Amino acid sequence: DLSGIVRLRFLTTVDFPPFNFIDQTGKLAGFHVDLVREICRELALTEKCQIQAVTFPELEKALTDGNGEAVAAGVAVTTELRQRFAFSRPFMRLPARFAVAKKAAPAGETAAALDGKTVGVVAASAHEAMLKAFFPRVRAEAFADRAALLAALKDGKVAAIFGDGMQLAFWTSGSESAGCCRLFDGPYLSERFLGEGMTIMLRKEDAVLAGAIDHALLALSRNGRLQEIYLRYFPVNLYGG
């Protein structure tokens with residue numbers, strides 16, 4: 001029963017495209033914004049719903065202080081945060097992916113084609129740990145940062161790179177890569193290495209609201225509306241292609 005809800009304020013940020021950003025007309029837009037609208041519609045709370053942006057460091061305090069009822073901003077679920085907040089069911093899991101150069105693609109379309117080859121990865125990242133655990137037969141080469149990693153693939157210094165599927169999807173399909181490279185094999189999902197996925201964060205005491213949002217997310221997943229929003233903001237399928 002949500003009749004006691006006077007208003008439902010979702011908090012987000014403006015600097016996490018394509019999830020939340022300011023569009024060309026100066027309005028708040030993105031995957032999270034459209035998702036919030038669909039959740040509110042599913043719960044028949046559209047008239048009571050609001051979405052407002054704060055800076056990322058302000059999100060926790062704003063929620064704790066009662067300046068919003070829920071956070072939709074890509075906050076990573078941690079053990080420490082779980083002690084203080086409640087989280088919805090994941091509505092998107094961000095996979096790891098390989099990318100390869102088109103002109104020097106491996107002989108084969110599975111990760112087995114990379115056995116014995118050098119695969120670049122960002123040093124001391126979750127993806128480095130995951131690459132070594134999942135693919136012990138590749139030669140992992142660590143790079144200082146993402147820019148160095150992408151340059152190594154573009155310049156043919158490594159057979160492939162391994163990293164965040166969303167970032168690699170945007171890079172391979174965008175102008176920065178100059179059409180050099182494509183996604184390869186995958187997706188690879190791992191709660192141990194990559195976390196629980198994208199969720200909505202709420203106050204622990206708002207158990208009824210948390211349950212309602214879980215119900216709405218499940219309904220949106222089943223009726224295809226979650227997929228519709230996804231296709232609106234992502235240039236290529238993170239989970240294939």
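**Local packing, aromatic pairs and disulfides in a predicted model**

Val138 is buried, as its relative accessible area is 11% (buried means under 20% relative accessible area, exposed over 50%, and partly exposed in between, with a 1.4 Å probe and protein chains only). The structure is a predicted model, in which local features need pLDDT of at least 70 and side-chain atom pairs count only at pLDDT 80 or more, while totals for chains, interfaces and linings use all residues. Residues are numbered from 1 along each chain as its sequence is written, and side-chain values use heavy atoms, with hydrogens and water left out.

The surroundings of Val138 are described next. Val138 is placed in the loop between α4 (126-134) and β10 (139-143); helices (H or I, at least four residues) and strands (E, at least two) are DSSP runs, numbered from the N terminus. When residues up to four places away in sequence are not counted, Val138 touches Leu114, Asp115, Gly116, Lys117, Val119 and Leu131 (contact means heavy atoms within 4.5 Å).

The aromatic residues were then examined. A pair of aromatic rings is described by the distance of the centres and the angle of the planes. Rings of Phe, Tyr and Trp (its six-membered ring) pair if their centres lie within 6.5 Å; planes under 30 degrees apart count as stacked, over 60 as edge-to-face and the rest as tilted. By this rule, the count comes to 16 aromatic pairs. One of them is the tilted pair of Phe98 and Phe162, with 4.8 Å centre to centre and 50° between the planes. Phe98 belongs to strand β8 (residues 96-101) and Phe162 to strand β11 (residues 160-164), so this pair ties together parts that are 64 residues apart in sequence. Phe98 and Phe162 are both buried. A stacked pair is formed by Tyr230 and Phe234, at 4.7 Å centre to centre and with 15° between the planes. Tyr230 and Phe234 are likewise both buried. These two residues also belong to one aromatic cluster, together with Phe16, Phe19, Phe31, Phe91 and Phe170.

The cysteines were considered under the rule that a disulfide is a pair of cysteine sulfur atoms within 2.5 Å. By this rule, the count comes to two disulfides. Cys40 and Cys49 form a disulfide with sulfur atoms 1.9 Å apart, and with -85° about the S-S bond this link is left-handed. Both Cys40 and Cys49 are buried. In the disulfide of Cys180 and Cys181, the sulfur atoms are 2.3 Å apart. The torsion about the S-S bond of Cys180 and Cys181 is about -100°, and the disulfide is therefore left-handed. Cys180 and Cys181 are buried as well. If the bonded cysteines of the protein chain are numbered in sequence order, the pairing reads 1-2, 3-4.

Two packed helices are described by the angle between their axes and the distance between the axes. Axes are lines fitted to C-alpha atoms, for helices over the stretch in contact, and angles run from 0 to 180 degrees between N-to-C directions. Helix α1 (residues 31-42) packs on helix α8 (residues 207-222) at an angle of about 105°, with the axes 9 Å apart. That makes α1 roughly perpendicular to α8 (angles under 35 degrees count as roughly parallel, over 145 as roughly antiparallel, 65 to 115 as roughly perpendicular and the rest as oblique). Leu35, Glu38, Ile39 and Glu42 of α1 make the contact with Ile213, Ala216, Leu217, Ala219 and Leu220 of α8. By class, this contact of α1 with α8 has seven nonpolar, no polar and two charged residues; Ala, Val, Leu, Ile, Met, Phe, Trp, Tyr, Cys and Pro count as nonpolar, Asp, Glu, Lys and Arg as charged, and the others, Gly among them, as polar.

Pro17 and Pro18 are joined by a cis peptide bond, with omega about 5°, and Pro18 lies in the loop between β2 (15-16) and β3 (20-22). A cis peptide bond also joins Gly186 and Pro187, where omega is about 10°; Pro187 has its place in strand β12 (residues 181-188). Ala124, a residue other than glycine, has a positive phi near 60°. Ala124 is in the loop between β9 (118-122) and α4 and, at 76% relative accessibility, counts as exposed. Ala178 has a positive phi of about 55°, although Ala178 is not a glycine. Ala178 occurs in the loop between α6 (165-173) and β12 and is exposed, with a relative accessible area of 65%.
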